[in-house]
Every structure is written in C-alpha cells, then in structure tokens.
Amino acid sequence: MSTSVEIETDEDCAISLDSLTMLYPTKSGVPVRALDDVSLKVRDGEFLSIVGPSGCGKSTLLRIIMGLSRQTSGHVRFGATSSTHHNQLGMVFQQPLLLPWRTVLKNLMVSPDLHGKRDDNTRARATELLRMLGLEEFAGRYPNELSGGMQQRVGIGRALMHDPRILLMDEPFGALDAMTRDQMGLDLLDIWDHDRKTVLFVTHSIPEAVLLADRVVVMTPRPGRLADVVDVPLPRPRRLENINTPEFGEVVMRIRKLLDSEHSAH
Amino acid sequence: MSAHTASGRDRRSASTAAAAPPADPETATIDVPPRQRRRLPGAVYSTAVFAGLLLAWQLAVKVFDVSEILVPTPLAVGRSLVDGFQDGILVTHAIVTLEEVVYGFGLAVGSALLSAVLITQFRPVERVLFPLLVLTQTIPKVAMAPLLIVWFGIGTTSKVLTVALIAFFPLLINSVLGFRSAPHDQVEMLRSFGASRLQVLRYLRIPSALPHIFAGLEVAVILAVTGAVVAEFVGSSEGLGYLIQASNFTLDVARTFAVIVVLSAIGMLLHAIVVHLGKWLVFWTESPTTSGIES
C-alpha cells in the first residue's frame with residue numbers, strides 16, 4: 001500500500017536526510033543558506049549529537065525533521081517511508097515550554113489529551129515517567145513552583161509520553177546551569193538506556209556532545225554544512241569520569257580542529 | 001510567618017490603592033523601613049481619612065451655612081439613603097439599572113470574545129473588520145444613546161444596547177491582544193504534538209488570553225455602569241439614572257447624592273466580582289490584570 005517509490009529499505013536506518021537545503025529569504029534579496037546540501041543517515045537506536053556554532057543550521061535541521069519547517073529542497077525519510085506520524089517523533093525544546101496553568105502531571109498529559117487518550121494506561125505511564133525523572137512528588141505542582149532543571153525534566157517527560165521511536169532534542173540543557181546540565185545529560189543517558197530510542201541531540205557544547213553520543217555530527221555555518229561525522233569510541237555506560245580520559249580528550253580535540261579549520265577557511 | 005505578613009500587607013495595600021488612590025504615597029513610605037512594627041495601616045488609615053473627609057464636609061456645610069439645595073450634609077445623604085431603602089424606591093430603581101448593566105455587559109462580553117476569536121483566527125476577517133472596528137471606536141459611544149432610544153424605545157432594550165456598545169471596545173481590544181499573546185514557541189510545541197489549529201486555540205490561545213481579557217473586563221464593567229446611567233438620562237421611566245434626574249428636578253439633592261452612593265456601590269461590587277473571578281481563573285500569574293488597561 002505504501003506510495004513511496006523509494007527502493008532503499010534499510011532496516012537499520014531511522015532517519016535518512018538526502019541533500020537537504022534550506023533557504024531563508026532576506027530583505028536584501030539574497031537568501032540565507034541555513035542548510036546547504038546536508039545528507040546524513042541516522043542509525044536506528046543511536047544517540048547522535050549535532051554540534052556547531054550558532055547559525056550553522058542545526059536547529060533548522062531538527063525543525064525540518066519534526067515537520068515544523070519545510071525544506072527548500074531535498075528529502076527526509078524515516079525508515080522505509082518518506083512520511084511519518086507525529087507519534088513516531090518526540091521533541092524537546094531549549095525552553096521547557098510548559099503550560100503554566102497545567103500541573104506537572106497535566107503537562108505530561110498534553111499530547112494524550114490532544115489525541116483523546118485519557119485512559120488509565122496513559123495516566124499510569126505519566127506517573128511512571130515522573131518516577132523515572134524523579135518528579136513523582138511534584139505531580140500536582142504548577143511549573144512556576146519548579147526549578148529550571150525540573151521544568152526541563154517535565155519537558156523531556158512530555159516528549160516521551162507517547163513513546164516515540166525518535167527523540168529530537170534542540171539544545172535541551174542550554175538554559176540550565178553547568179552542574180544541573182551534566183547531571184541532566186547523564187540522567188538522559190539512563191533513560192535512553194532503557195529502550196534505546198534514536199536520539200538527535202543538538203548542542204553547542206562539544207564535551208556534552210561527546211559525553212552523550214555514539215557519533216557527533218559537526219556542522220559549520222554560512223552556509224550550514226555538514227563538516228564531518230566523528231565516531232565516539234567510548235564505552236557505555238558513560239560516567240562523568242569519562243571526561244578525564246585521553247580518549248575523550250582526543251575526540252573533543254578532533255571536533256575542535258574540524259570547527260577551527262572550517263572557521264579559518266572563511 | 002514573614003511570607004504570610006507580606007501577602008497580607010500586599011492585599012491590604014492593593015485594596016487601599018483601589019479604594020483611595022491619594023493614600024498611596026503614604027503607604028509607600030510606611031512600607032520601607034520597619035516591616036514589622038506598623039502592621040495595621042492601609043485600610044485603617046484610609047477609613048480614618050474617609051471618615052475625616054465626611055466630618056470636614058459636615059462641618060463645612062454647617063459652618064458656612066451652605067444651602068441644602070446646593071450641597072446636603074453627609075448626614076442628610078445618609079438619611080435619604082435610609083429612607084430610600086425603607087420605602088424601596090432605591091432598591092426597585094437599582095434593580096432596573098443592575099439588570100441593564102448585567103445584560104448589556106454580558107452581550108458585550110459575548111460579542112467581543114467572538115469577534116476577537118474571528119479577528120485573530122481568520123486573516124480576511126481581520127483585514128476587513130478590524131480597521132472598521134478601530135475606526136468606529138473613535139465615535140463617542142454615549143452620543144449613540146439618543147439614537148438607540150429612537151430606534152428601540154424608552155424601555156430596557158435601548159439601555160442594554162448602550163451598555164453593550166460602551167463596554168464592547170475595551171473588551172475587544174484587550175481580547176484581540178490576548179488571543180495574540182501566546183508565545184510562538186508554545187504554538188510550535190503544541191504543533192510538534194500534532195495539535196490542530198482549533199486545539200492550539202483551546203489549549204493555548206484561550207488560556208493565554210485570559211489575563212488580557214480580565215484586564216478588559218475590569219475597565220468594561222465600570223464603563224457599563226456609566227453607559228446605563230447615561231442611557232437612562234437620555235430617556236427612561238425607571239432606573240437610577242432616571243431617579244437622579246427626577247431628584248434633581250425636585251431639588252432633592254440629598255437623594256441625588258444617595259443615588260450616586262448606590263451607583264458607586266454597584267460599580268464597586270461588579271468590579272470586585274470581576275477582579276476575584278480573574279484571580280481565581282488566572283491563578284498562574286502574579287498580577288493578572290494590569291497589563292492591558294492603558295490600551
């Protein structure tokens with residue numbers, strides 16, 4: 001029944017980006033190339049970080065995958081088909097973006113509410129997620145009673161409610177202080193370890209990207225291009241101590257050099 | 001303990017500010033250094049000042065022997081109030097005016113909210129309707145009262161429509177502002193969960209609009225009372241506006257004052273209902289109803 005003519009039915013491939021290009025019109029008439037011919041295959045169940053300076057199009061990339069923006073040219077494919085349902089994707093934004101008039105529990109229930117699934121199973125799942133995120137005592141609280149880190153945990157829980165196959169995270173810890181940030185990253189790994197969803201994690205922190213990911217996509221700005229994809233050969237489970245190992249330092253240096261060389265080339 | 005004191009103080013100073021604006025700088029200076037020592041001030045002081053003013057008024061009328069026809073004493077006003085309530089004349093007319101205000105206000109709220117939703121949700125409606133509405137806003141609404149009486153007669157309908165007309169615009173402007181106030185990234189968040197436009201409206205735009213809507217309601221509810229009185233001035237056979245004119249005609253100035261007291265009591269009551277309803281519904285922001293008053 002599938003209308004897709006795509007022959008490439010790669011089972012291991014969760015998302016396949018095929019020369020994505022995104023142009024933004026400007027007042028001067030010369031369009032900005034936010035993304036320029038980006039091709040990438042994301043493996044099923046992999047934790048993929050995307051790093052790059054601001055303006056390299058990494059957020060645009062996520063927005064296109066999520067369907068919030070439409071690319072100028074190129075294709076996005078999920079597994080075998082080119083189309084996907086919202087219920088296969090979950091997105092975590094830089095800000096928690098909780099609804100202030102809903103309690104923590106009701107914020108998790110946003111997507112079930114939208115799709116008319118207010119049954120006991122969903123409620124149980126919400127409670128289970130809150131427990132996993134260490135927020136069970138806060139189920140009845142309102143967002144303005146929570147710290148920034150806790151709010152972002154709720155944001156992550158909300159994205160996980162419908163059990164998506166793919167989790168898109170757009171600098172989710174960018175607004176948090178450094179210590180909360182490290183802890184949130186490790187907690188995220190614990191959650192990820194449960195069922196190994198495919199994660200696309202956008203960040204501008206190289207150590208964070210390396211600590212969390214299987215592979216790191218390095219992007220460079222103006223135009224937004226994919227410079228390289230760097231493998232992270234660190235064992236799992238990852239701990240904060242990993243940061244002090246020479247292997248970690250090597251990967252970080254490689255990425256830094258990639259960004260620097262691109263920078264000096266301009 | 002300290003939190004409790006602070007919130008109690010806030011509530012008190014807020015109510016004083018609403019009741020007697022001139023007392024405001026005074027409370028401000030008291031508030032600064034010793035937070036614990038003077039706990040009573042606000043309401044107590046403003047009540048004292050109010051009582052003092054009444055006393056000064058009473059004395060001034062007596063000492064300077066002002067004619068009762070020009071300015072009655074507060075005691076005379078009080079007597080007239082009591083008489084008016086005893087023979088029921090104030091009550092019956094107050095009920096008429098209150099009904100006009102409530103129906104007119106309800107009509108204004110309904111039509112303003114509906115228009116605001118249409119304007120913010122449909123571009124063509126906005127393009128055509130909004131400029132027209134803003135343009136008609138420049139018409140002094142009370143000037144329409146005589147026309148409405150010609151069209152709809154001397155009865156309640158013309159009063160209700162005047163009230164609705166006068167209360168409509170501040171409500172509309174604030175509601176439009178409110179429905180547009182939802183942050184764009186919140187809209188995208190909902191869209192990422194597959195929310196339809198109607199769901200974005202229901203889950204996000206309407207709750208986001210509530211603080212602005214209540215700011216509009218606070219302004220509109222006072223205007224509604226004004227509208228009813230003006231419409232009754234223009235032509236009526238009952239209501240507090242009619243009673244003011246009738247009392248003036250018979251030079252019963254004490255009764256005119258008594259009616260004004262009843263009118264302001266109605267205004268305060270309705271305003272308080274709106275404010276409390278707002279605080280109860282818009283519980284997630286600190287001060288729900290201050291943002292849109294200027295507009």
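Predicted model: local features only at pLDDT ≥ 70, side-chain atom pairs only at ≥ 80, totals over all residues.
Chain A contains an open sheet of 6 strands, arranged in the order β5-β6-β7-β3-β8-β9 with mixed pairing. The edge positions of this sheet are taken by β5 (89-92) and β9 (225-231) of chain A, each of which pairs on one side only. On average, and with direction ignored, neighbouring strands of the sheet are turned by 20° against each other. Helix α5 (residues 148-160) of chain A packs on this sheet, where it touches β5 and β6 (166-170) of chain A. The direction of α5 makes about 170° with that of β5(A).

Two of the pairings in this sheet can be described in detail. Strands β5(A) and β6(A) are paired in the parallel sense over 4 bridges, and within this pairing Met91(A) has Leu168(A) of β6(A) as its bridge partner. Although β5(A) is an edge strand, both of its faces are covered. Leu89(A) and Met91(A) lie on one side, Gly90(A) and Val92(A) lie on the other, and all of these residues are buried. Elsewhere in the sheet, strand β3 (residues 47-51) of chain A pairs with strand β7 (residues 198-203) of chain A, also in the parallel sense, over 5 bridges. Here the bridge partner of Phe47(A) in β7(A) is Val199(A).

Chain A also contains an open sheet of 3 strands, with the order β2-β1-β4 and antiparallel pairing. Strands β2 (32-43) and β4 (73-78) of chain A each have a single partner strand and stand at the edges, so one side of each is left without a neighbour in the sheet. Strand β1 (residues 13-24) of chain A runs antiparallel to β2(A) and is joined to β2(A) by 8 bridges. In this pairing, Tyr24(A) has Val32(A) of β2(A) as its bridge partner.

A cis peptide bond with an omega of about -5° joins Arg222(A) and Pro223(A). Pro223(A) is found in the loop between β8 (215-220) and β9 of chain A, and Arg222(A) lies in the loop between β8 and β9 as well. Arg222(A) counts as partly exposed, because 14 C-beta neighbours lie inside 10 Å. A cis peptide bond, with omega about 0°, also joins Arg236(A) and Pro237(A). Pro237(A) has its place in the loop between β9 and α8 (246-265) of chain A. A positive phi, near 50°, is found for Leu97(A), a residue other than glycine. Leu97(A) is placed in the loop between β5 and α2 (104-108) of chain A. Leu97(A) is buried, since 23 other C-beta atoms lie within 10 Å.

Chain B has 12 helices and 0 strands. Of its 295 residues, 35% are buried. Among contacts in chain B between residues at least 6 apart in sequence, 74% join residues at least 24 apart. Helices α9(B) and α10(B) pack at an angle of about 125°, and their axes are 10 Å apart. This angle makes α9(B) oblique to α10(B). The crossing by which α9(B) passes α10(B) is right-handed. In this contact, α9(B) contributes Gln186(B), Val187(B) and Leu190(B), while α10(B) contributes Gln199(B), Val200(B), Tyr203(B) and Leu204(B). By class, these residues comprise 5 nonpolar, 2 polar and no charged.

Terms used: Residues numbered from 1 in each chain as written. Chains lettered and ligands numbered in written order. Axes fitted to C-alpha atoms, helices over the stretch in contact; angles between N-to-C directions. Parallel < 35°, antiparallel > 145°, perpendicular 65-115°, else oblique. Left-handed = near helix turned anticlockwise from the far one by under 90°. Contact = placed C-beta atoms within 7 Å. Nonpolar A, V, L, I, M, F, W, Y, C, P; charged D, E, K, R; others polar. Pairing = 2+ DSSP bridges. Buried ≥ 20, exposed ≤ 12 C-beta atoms within 10 Å, placed from the backbone.
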